[in-house]
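Biologist: I would like to learn how to read a structure such as this one, feature by feature. Could we look at it together?

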Amino acid sequence: MTAEPTPLECTGTTKLFGDDISGARALLADGCDRQQILDRTGCLVAVRDATFSVSRGETFVVMGLSGSGKSTLIRCLSRLIEPTSGTIKIEGTPIGDLDDQELRELRRRRLSMVFQHFGLFSHRRVIDNVAFGLEIQGVAKSQRYERALEVLSVVGLSDWADHFPQQLSGGMQQRVGLARALCVEPEILFFDEPFSALDPLIRREMQDELLSLQARMQRTLVFITHDFHEALKLGDRIAIMKDGEFVQVGTPEQIVSAPADDYVREFTTDAPKTKVITVGSAMKPLHGAAPPGEPVRVDDVLDDVLARLLADPAELGIVDERGEVVGTVDRARVAALLGESSRAGAVSAGRSTPRQ
Amino acid sequence: MGLAVVVAAQLALSAVGGFPESWAVPLADWIDEARRWVINNQTTHWSFSFIFNPISDFIDGGLRAVEGFLLWLPWYVVAAAAAMATTAALGLRAGLLAGVGVLYFGAVELWDESLQTVALMTVAVGISVAIGVPAGIASARYDRLQRSLRPLLDAMQTLPAFVYLIPVVLLFGVARVPAIIATVVYALPPVIRLTDLGIRSVPASTVEAAEMFGATPRQTLRKVQFPLALPSVLTGINQTIMMALSIVVIAALIGAGGLGQVVLESLRRLFVGRALEAGLAIVVLAMLMDRVTHGAAGLGARRRRLRLMPDSLGRSAPVRALEDALESVDRLMCRVGASLASPLRRSPGLAAVARRPRWVLGMAALAVVTIASAVVGRPEFPSAFSFSFASRIDWLVDWVRDNLYEIGGTWFGTGWFSDSMTIYAVTPLRELLSAELAWPVVVLAVALAGWRLGGAPLATFCTACVAGLGFLGMWTLSMDTFAQVIVAVVMAILCGIPLGVLAARSDRFERMLKPVLDFLQTIPSFVLLVPVIIMFNVGRIPGIIASVLYALPAATRLTNLGIRGVSGEATEASKAFGATRGQTLRKVQLPLAAPSIMAGINQTVMLVLAMVVIAGLVGGGGLGLETVKGLRRTDSVGSGFVAGLAIVLLAMLLDRLLQAGTRRFTPTKSGS
């Protein structure tokens, strides 16, 4: 891990839309808020000072409602939209300095993107859609078809290679989109709300598929969504975005158990906490001997142990990664933890107006 | 209030009358001067030897080559090629009809003229596409270019075809090359517009996806944007072809030759039968080109069907046997074609061709037959096939004159119709506008209309246009044309809107009306005059009637479309309140369809103007006649140019007024 550069590093990325960019920049530096800047200069602050890095094999989810700037942010990362300021480094190379040719080369070899409305080419067969990236790179036809068929079989669409995208269902179309992105073997994959146009069952199926693919591939993923549940399910880390700014960045558990403010708390109210919070958060440090019975692991989520706790009032031992017993958990502690966060959620929901 | 002002002005100025002729600017003389300069300097000045003449020579060379090739081809090869192309685009039945259509050219002894027109079309459309598609692509890429092109294209589409001939004649003289240049200029807008539109309507996310894969702008255009825009581009080419055909025919006036020449000469000598024969040949050509490009653009309904018989007969055994036989022949042909094409498959550039066995076989067959015929000696179109119905049509014209003019010796008949229209509508209106009303009153009335519809800017524009007519010295002629336009528009609206309403209410009526309207829209304006002349002889009235027929489809179609476009919910709501059909129509459907109907009226007026001008050829008088005179005789090209300019002013005036009117009827969306 020492010499290897971070796959994606984003520092102070800001994007302004409007005519009076320099005026708006000055106001930004003075710390004016989004509305003030819009009123005074007519410029929209789409993304403000986004700083984060994503390590190899990690899934970084950016979650926010529409208009929060998440789509703009993901486009800044590949310079589909030119950021106003800030540095973005891919594998240690600042991409802001690349000329058109170098940027194209970067997109061809290292990046890929899956789009919200699939962005498929309706005049090309599925296989030509999937092979598009290789075609752009100038790979010979037989070679690119071979590779495309390989990827199509990964997403389970080998039999549909000669169809046109419109002949496929929404879920299948997005599998084509996914296959197209995977075909060029990118190091970093961007997902722009890829599953939001699908119906709930298909969406869940696709999420599971992405998780299993990622478990095998270990790529670097940046995933945009407006669905908090999806963020919890897929993300190793989540950034909650509001009005162009990151409100909180953390693991799903950190966000659910310690929301940074009321805005984040509102999302967590109906979150499936027992699927996110680990046994570790409810752990009482070990005093004396380990309790009898099979211990649970420190990174198990509450869901995994609830059945045992409800069936038996006794304490359960908790073991860490090395298998040593480090603490215990019991009914009362889990109840207290869950009660606390849902009460806080209920209060905040009652206080502020609901957002759409 | 406005009316009162106009009446008061007229009472005060009753002695003034038409626009004083002495005020006219001697523009015509200046133009004649310029024309003389052009003639004298054609050989010496650099702009000719380096710009105009090379263009001219290039086009001329291309035209000669295409024409020579087409006329060299044996007649059956041409017919077979047309049949095969149509079969590929539309199916076997249409293909056979196309073959018969081409044979018609030979049958009425218009083979050479028809192929001359085809050659003119090929070169003109080829140049239009070669300029238009890249221009459209550029315009889709650069917003600033689009912004500066748009008003130009708008203006180009407003003007009647006719007007384009004059400046071209001024620079290039009278011949076939200027005809092609005028055609290109006239037919260019649709292909530019629709290429632009097609590329711009490719979804942004699709383009973004291509960019994300590192595609260069060129790759994005070639692999994504252009293929997706292709249906739109082909629609543009289809429209360009139809527009080119309509002007190529009129361009006979400046020596383009071909079928238009035959129609024109025959009409001039009142050989109506011959004119109809040539006119029909033009219609055949128009339908052929329209349907084939329409089908190729994928706009036609069912494509590539090797069915000969209507589907309704599909159950009878002999028909099925025939269809099966055809299908097996097709399979056999495919196999032969595929084996012929197999050597092509290895060469990278021709691999796409090799995937179309029918195409390869067809081309090979045509080539073999052509070469064989060339060796044996090119056969003439067999005289046994020829037939002429010109004399019968001439007889019909006489019969109509003798019998329908006053049916059965009574007062009623076409004669009565045209006489009463002349006496009670056209002549009084013309007199009123050109002489009885004081010219400032006319200017004032138009200005007031402009002010009501579009405020001060439009009022200024209208005043300038109307006054311009006077200063050009074209007051009387303009008012003559204007009067004809008014009468024709009123008639077209009185016929068109009720037809549209009926079509909207009855699917059966709509189905019946559709082929008629399609037919009327496919016929080039000029050809439409011929059948009207059979019924009404020459003069202003046939011109007006042809204009009504020409403009009718627009009014009917847009009324129908507007009413059918009214949401089902609105109609249902009206019914739920117990409204009768008439009440629903009057209170809900017509008001909601008003924007569409206004757009229809707008188009009607522009089409009528274009046609009334052309009717100057057959005794319609007015500006059209003056322009034609200018085109015919080199010594009066100046006054022809001025008349053309007056047409432009009139067209722009009407267009702007109607656009403003249409906007007033279109509900503005509230909110942001």
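Biologist: Is the crossing of α10(B) and α11(B) left-handed or right-handed?

Modeller: The crossing of α10(B) and α11(B) is right-handed, where a crossing is left-handed if the near helix is turned anticlockwise from the far one by less than a right angle, and right-handed if clockwise. Before going on, please note that this is a predicted model, in which local features need pLDDT of at least 70 and side-chain atom pairs count only at pLDDT 80 or more, while totals for chains, interfaces and linings use all residues. Residues are numbered from 1 along each chain as its sequence is written, and chains are lettered from A and ligands numbered from 1 in the order in which they are written.

Biologist: At what angle do the axes of helix α10 and helix α11 of chain B cross?

Modeller: Two packed helices are described by the angle between their axes and the distance between the axes. Here the axes of α10 (residues 204–212) and α11 (residues 217–250) of chain B cross at roughly 145° and come within 10 Å; axes are lines fitted to C-alpha atoms, for helices over the stretch in contact, and angles run from 0 to 180 degrees between N-to-C directions. Helices themselves (H or I, at least four residues) and strands (E, at least two) are DSSP runs, numbered from the N terminus. On the α10(B) side the contact is made by B:T206, B:V207, B:A210 and B:E211, and on the α11(B) side by B:T220, B:V224 and B:Q225, two residues being in contact if their C-beta atoms, placed from the backbone, lie within 7 Å.

Biologist: How are α20(B) and α25(B) set to each other?

Modeller: Helix α20 (residues 475–505) of chain B packs against α25(B) at an angle of about 140°, with the axes 9 Å apart, and the two are therefore oblique to each other. The cut-offs are that angles under 35 degrees count as roughly parallel, over 145 as roughly antiparallel, 65 to 115 as roughly perpendicular and the rest as oblique. Their crossing is right-handed, and the contact includes B:A488 and B:A492 of α20(B) together with B:I601 and B:V605 of α25(B). By class, this contact has 15 nonpolar, four polar and no charged residues, where Ala, Val, Leu, Ile, Met, Phe, Trp, Tyr, Cys and Pro count as nonpolar, Asp, Glu, Lys and Arg as charged, and the others, Gly among them, as polar.

Biologist: At what angle do the axes of α23 and α25 of chain B cross?

Modeller: The axes of α23 (residues 540–565) and α25 (residues 581–614) of chain B cross at roughly 160° and come within 8 Å, which makes α23(B) roughly antiparallel to α25(B). The crossing is right-handed, and the residues of this contact divide into 16 nonpolar, ten polar and one charged.

Biologist: How many helices and strands does chain B have as a whole?

Modeller: Chain B has 27 helices and zero strands. Its radius of gyration, taken over C-alpha atoms, is 27 Å, close to the 26 Å that the globule rule gives for 672 residues, so chain B is as compact as a globular protein of that length; the rule is 2.2 Å times the number of residues to the power 0.38. Of the contacts in chain B with a separation of 6 or more, 76% are accounted for by residues 24 or more positions apart.

Biologist: Is A:V264 buried or exposed?

Modeller: A residue is buried if 20 or more other C-beta atoms lie within 10 Å of its own, exposed if 12 or fewer, and partly exposed in between, with C-beta atoms placed from the backbone. A:V264 is buried, with 21 such atoms, and is found in helix α12 (residues 262–268) of chain A. Not counting residues up to four places away in sequence, A:V264 touches A:I240, A:V247, A:Q248, A:I255 and A:P259. B:G455, in helix α19 (residues 439–471) of chain B, counts as exposed, with 11 C-beta neighbours inside 10 Å.

Biologist: Which value does phi of A:D49 take?

Modeller: Most residues other than glycine have a negative phi, and most peptide bonds are trans. Phi of A:D49 is near 55°, a positive value, and A:D49 is placed in strand β2 (residues 44–54) of chain A. A:R79 also has a positive phi, of about 60°, and is placed in the loop between α3 (70–77) and β4 (85–90) of chain A.

Biologist: How many residues does each chain give to the contact?

Modeller: Chain A gives 16 residues and chain B gives 14 residues. On the side of chain A that touches chain B, α4(A) gives the most, with four residues.
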